[in-house]
Amino acid sequence: MKPLVTTALILLTLLEASCATTLPGPGAANTAPPLSYETYALGAEKPEALLVALHSSGSTPESWDASVKALDIAVRVVLPRGSRPRREGFTWFPVDHEKKDGVGKTADVERVAAQLADLIREVRRAHPEIRRVAVTGFSYGGDLAWMLALRHPELVEVAVPMGTRLLGEPARSLPPAHRVLVLQGEEDAIIPVQQTLARVADLKAVGVPIDVRTYPGVGHDAAPPLVEDWRVFLRQVLQAP
């Protein structure tokens, strides 16, 4: 991991500026450990678009570096890190997360999403030029990207969750201009594609601005066709006027 230092700026190519910091939970009642993150700018000194990319369980924020740089657009990138060590990386939720029922799993995801919402607010205060925010993630990271769009639409205009369970029910209407694009492998052994298709149809029926794309022969992984659609979609929405 890179050292976690507050407001440390590192000049990179393409006018990149990188820093890392640690953000505590939203309040004493929230028992989730604090989150850390790094942030850097690509393509411009002060991009107007912000992309928050959330790693999968057991991975690290650095796993996103190549993909976000390949977007080849002006964007500020924020890469949070899960607070709990797992395998060679980190995870977002307690060790008993998978043993919980749907309500318990949803509560775990909502709790960390609230921390991430505070993180987005912090970044926007530091970079008032930001006009558009997108979030993305895979697996547990996808769960969090979806929950941010669902529970914090005042902060997030675009979400691209991949391999996600789509936990939680809408408590309020999402603005029709918002966009959620779910990317899902058709051979996913963890999240059945028919479950995802049915869930998206139910959400669309109650007015959620959500779409889904599925990929034959792809399991619970970010295969090249899925990544290419991810890249094209984010380029489009983050560069929109």
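The expected span of a helix is 1.5 Å times one less than its number of residues. Helix α4 (residues 193–205) has 13 residues, so at 1.5 Å a residue it should span 18 Å. Its end C-alpha atoms are 18 Å apart, which agrees. Helices here are DSSP runs of H or I with at least four residues, and strands are runs of E with at least two, both numbered from the N terminus.

This is a predicted model: local features need pLDDT of at least 70, side-chain atom pairs count only at pLDDT 80 or more, and totals for chains, interfaces and linings use all residues. Residues are numbered from 1 along each chain as its sequence is written, and side-chain values use heavy atoms, with hydrogens and water left out.

Start with the whole protein. Its secondary structure comes to 5 helices and 11 strands. Of its 241 residues, 54% are buried. Buried means under 20% relative accessible area, exposed means over 50%, and partly exposed lies in between (1.4 Å probe, protein chains only). Contact means heavy atoms within 4.5 Å. Among contacts between residues at least 6 apart in sequence, 67% join residues at least 24 apart.

Now return to α4. Val193, Thr196, Arg199, Val200 and Leu203 are buried in this helix. They cover an arc of only 125 degrees around the axis, which puts them on the same side of α4. The arc is that of the directions from the helix axis to the C-beta atoms. Gln194, Asp202 and Ala205 are exposed on the other side. What covers the buried residues of α4? The cover includes α3, β10 (179–185) and β11 (210–215). After α4 comes glycine 207, with a positive phi near 95 degrees.

Next, look at α3 (residues 140–151). This helix has 12 residues and reaches 16 Å from its first C-alpha to its last, close to the 16 Å expected. It is mostly covered, with 11 of its 12 residues buried. Among them are Tyr140, Trp146 and Leu150.

Helix α3 also meets α2 (residues 102–126). Their axes come within 9 Å and cross at roughly 70 degrees. That makes α2 roughly perpendicular to α3, a term for angles of 65 to 115 degrees. Axes are lines fitted to C-alpha atoms, for helices over the stretch in contact, and angles run from 0 to 180 degrees between N-to-C directions.

Which residues meet? From α2 come Thr106, Val109, Glu110, Val112, Ala113, Leu116, Ala117 and Ile120. From α3 come Asp143, Leu144, Met147, Leu148 and Arg151. The residues of this contact divide into 9 nonpolar, 1 polar and 3 charged. Ala, Val, Leu, Ile, Met, Phe, Trp, Tyr, Cys and Pro count as nonpolar, Asp, Glu, Lys and Arg as charged, and the others, Gly among them, as polar.

Terms used:
Parallel < 35°, antiparallel > 145°, perpendicular 65-115°, else oblique.
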